[in-house]
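Visitor: I am new to protein structures and would like to learn how to read one. Could you take me through an example, feature by feature?

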Amino acid sequence: MHYYTFTIRITPENWAEYYRVPSASIVARSHTGQTVKFKARHLQKFITRDGIHGVFRMTIDGNHDFVSLEQMGS
């Protein structure tokens, strides 16, 4: 398993744009400088009235397939 930690800040207005496109992807820079790309739908459970804000950890498997995304803090 591989882990990537990154910070995301998406306003409700920006999230609406991602939400409209089912195949939309998020690109973020990990805290170690690596580029991380994943489907926006994985952030759906973290949306609040203020958008999506926080530090997240993504887990991928040995084939670089998405395993999980968890919020580590805000």
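Visitor: Which residues have the most contacts inside the largest nonpolar core?

Guide: Keep in mind that this is a predicted model. The general idea is to look for buried nonpolar residues that are joined through their side chains. Here the largest such core has 18 residues, and F6, I8, F38 and L43 have the most contacts inside it. The elements that give two or more residues to this core are strands β1 (2-10), β2 (25-29), β3 (35-39) and β4 (52-60).

Visitor: What is F38 in contact with, leaving aside its neighbours within four places in sequence?

Guide: A contact means heavy atoms within 4.5 Å. For F38, the partners are F6, I8, A24, S25, I26, L43, M58 and L69. Three of the core residues with the most contacts, F6, I8 and L43, are on that list.

Visitor: Let me step back to the whole chain. How many helices and strands does the protein have, and in what order do the elements run?

Guide: The protein has 1 helix and 5 strands, and their order is β-α-β-β-β-β. The radius of gyration is 12 Å, close to the 11 Å that the globule rule gives for 74 residues, so the protein is as compact as a globular protein of that length. Along its principal axes, the C-alpha trace spans about 35 × 25 × 20 Å.

Visitor: What share of the contacts joins residues 24 or more positions apart?

Guide: Among contacts with a separation of 6 or more, residues 24 or more positions apart account for 51%.

Visitor: How do I read burial? Is Y4 buried or exposed?

Guide: Look at the relative accessible area: under 20% is buried and over 50% is exposed. Y4, in strand β1, has 16% relative accessibility, so Y4 counts as buried. Beyond its neighbours within four places in sequence, Y4 is in contact with S30, Q34, V36, F56, R57, M58 and I60. Over the whole protein, 31% of the 74 residues count as buried.

Visitor: And T59, is that residue buried or exposed?

Guide: T59 is in strand β4 and counts as buried, at 6% relative accessibility. Leaving aside neighbours within four places, T59 is in contact with M1, H2, Y3, D65, F66, V67 and S68.

Visitor: Now the backbone. What is the phi of H64?

Guide: Most residues other than glycine have a negative phi. H64 is not a glycine, although its phi is positive, at about 65°. You will find H64 in the loop between β4 and β5. H64 has a relative accessible area of 57%, so H64 is exposed.

Visitor: Lastly, the surface and the charges. How many positive and negative side chains does the protein have?

Guide: There are 9 positive and 6 negative side chains, and the centres of the two sets lie 2 Å apart. The protein exposes about 5,000 Å², of which carbon and sulfur atoms supply 48%.

Key: Residues numbered from 1 in each chain as written. Predicted model: local features only at pLDDT ≥ 70, side-chain atom pairs only at ≥ 80, totals over all residues. Heavy atoms only, no water. Helix = DSSP H or I, 4+ residues; strand = E, 2+ residues; numbered from the N terminus. Rg over C-alpha atoms; globule rule 2.2 N^0.38 Å. Buried < 20%, exposed > 50% of the residue type's maximum accessible area, 1.4 Å probe, protein only. Areas by Shrake-Rupley, 256 points an atom, 1.4 Å probe, with all protein chains shown as cover. Lys, Arg positive; Asp, Glu negative; His and termini not counted. Charge placed at Lys NZ, Arg CZ, Asp CG, Glu CD. Core = buried A, V, L, I, M, F, W, Y, C linked by side-chain atoms within 4.5 Å.
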